[in-house]
Amino acid sequence: MKVWVMEKKKENKKIRVGVVVSDKMDKTRVVAVDRVVLHPVFKKYYKRTKNYKIHDPQNTSKTGDQVEIIESRPLSKTKRWRLKGVLRKAAA
């Protein structure tokens, strides 16, 4: 009789830090993530912003909070990220 041991594969999921720009949906937040890119010809740095829809099951984050998000399986048509934690609350 063979006994199979399931080894847990180490997961390398992407982690991003951004600011919540919308909390109007239930259990969903829109997070803006900024990054700095070097222009290939002019060699100048410029800022690129991308919005991610994230899953926040307890509705803990609010607009203006700095949050950490982690990649996950598809949760809906556009949601592919989950809330990992709130790093800094917005000033009231």
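(Strands are DSSP runs of E with at least two residues, and helices are runs of H or I with at least four; both are numbered from the N terminus.) Thr-28 counts as buried because its relative accessibility is 8%. (Buried means under 20% relative accessible area, exposed over 50%, and partly exposed in between, with a 1.4 Å probe and protein chains only.)

Now show what surrounds Thr-28. Leaving aside neighbours within four places in sequence, Thr-28 is in contact with Lys-53, Ile-54 and Lys-79. (Contact means heavy atoms within 4.5 Å.)

Next, select Ser-22. Look for this residue in strand 1, which covers residues 15–22. Ser-22 has 19% relative accessibility, so it counts as buried. With neighbours within four places in sequence set aside, Ser-22 is in contact with Arg-29, Val-30 and Thr-63.

Ser-22 and Lys-62 are 40 residues apart in sequence. Their C-alpha atoms are 7.7 Å apart in space.

Zoom out and colour by secondary structure. The protein chain has five strands and zero helices. From the N terminus on, the order is β-β-β-β-β. The radius of gyration is 17 Å, well over the 12 Å that the globule rule gives for 92 residues, so the chain is more spread out than a compact globule. (The radius is taken over C-alpha atoms; the rule is 2.2 Å times the number of residues to the power 0.38.) Along the principal axes, the C-alpha atoms fill a box of roughly 65 × 40 × 25 Å.

Colour by burial next. Of the 92 residues, 24% count as buried. Then turn to contacts between residues at least 6 apart in sequence: 48% of them join residues at least 24 apart.

Finish with the charges. The chain carries 26 positive and 9 negative side chains. (Lys and Arg count as positive, Asp and Glu as negative; His and the chain ends are not counted.) The centres of the two sets lie 6 Å apart.

Residues are numbered from 1 along each chain as its sequence is written, and side-chain values use heavy atoms, without hydrogens and water. In this predicted model, local features need pLDDT of at least 70 and side-chain atom pairs count only at pLDDT 80 or more, while totals for chains, interfaces and linings use all residues.

Methods
The place of a charge is taken as NZ of Lys, CZ of Arg, CG of Asp or CD of Glu.
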